[in-house]
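Open your viewer, load the model shown here, and keep the selection panel within reach. We will go from stop to stop.

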Amino acid sequence: MRGRVAIVGAAETSELGVIPDLSQIELHADAARNALADCGLSLRDVDGVATAGESPVAIAHYLGITPRWLDGTAVGGSAARC
């Protein structure tokens, strides 16, 4: 990927804690929109989606985008659940 550029934003959902009125995919989309705002980009600028937990295909579809690449994992955070 020599000569390529990555602009990365970081964000959480607009609300924190237990948010019972939003689904998992809505929470992912909210955080994605907040991350885009953090780095000054729009959904049209997105060419890839990487997710943990939710399907990257589902997130892309929900956001109405067609990325060039997808990556997802269902293993969760940094520690296994017992």
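**Before you click**

This is a predicted model, in which local features need pLDDT of at least 70 and side-chain atom pairs count only at pLDDT 80 or more, while totals for chains, interfaces and linings use all residues. Residues are numbered from 1 along each chain as its sequence is written, and side-chain values use heavy atoms, with hydrogens and water left out.

**Stop 1: the whole chain**

Show the cartoon and follow the chain from the N terminus: the elements run α-β-α-β, giving two helices and two strands. Helices here are DSSP runs of H or I with at least four residues, strands are runs of E with at least two, and both are numbered from the N terminus.

The accessible surface comes to about 6300 Å², and 54% of it belongs to carbon and sulfur atoms; the areas come from the Shrake-Rupley method with a 1.4 Å probe, and for residues only the protein chains shown count as cover. Of the 82 residues, 22% count as buried. Buried means under 20% relative accessible area, exposed means over 50%, and partly exposed lies in between (1.4 Å probe, protein chains only).

**Stop 2: the two helices**

Select residues 24–38 for α1 and 56–63 for α2. At what angle do the axes of α1 and α2 cross? They cross at roughly 70° and come within 10 Å, which makes α1 roughly perpendicular to α2. Axes are lines fitted to C-alpha atoms, for helices over the stretch in contact, with angles from 0 to 180 degrees between N-to-C directions. Angles of 65 to 115 degrees count as roughly perpendicular, under 35 as roughly parallel, over 145 as roughly antiparallel, and the rest as oblique.

Now show side chains. On the α1 side, pick Ile-25, Glu-26, His-28, Ala-29, Ala-32 and Arg-33; they meet Ala-58, Ile-59, Tyr-62 and Leu-63 of α2. Contact means heavy atoms within 4.5 Å.

**Stop 3**

Is Ile-59 buried or exposed? Ile-59 is buried, with a relative accessible area of 4%. Apart from neighbours within four places in sequence, Ile-59 is in contact with Ile-25, His-28, Val-49, Thr-51 and Glu-54.

Tyr-62 is partly exposed at 39% relative accessible area. Not counting residues up to four places away in sequence, its contacts are Ile-25, Glu-26, Ala-29 and Arg-33. The C-alpha atoms of Tyr-62 and Ala-29 are 7.5 Å apart.

**Stop 4: Gln-24**

Jump to Gln-24 in helix α1. Its relative accessible area of 41% makes it partly exposed. Leaving aside neighbours within four places in sequence, Gln-24 is in contact with Gly-53 and Glu-54; from Gln-24 to Glu-54 the C-alpha separation is 7.4 Å.

**Stop 5: Pro-67**

Finish in the loop between α2 and β2 (69–73), where you will find Pro-67. Pro-67 is buried, with a relative accessible area of 17%. Which residues does Pro-67 touch, not counting those up to four places away in sequence? Select Asp-47, Gly-48, Val-49 and Ala-60 to see them. Gly-48 is 19 residues away in sequence, yet its C-alpha is 4.8 Å from that of Pro-67.
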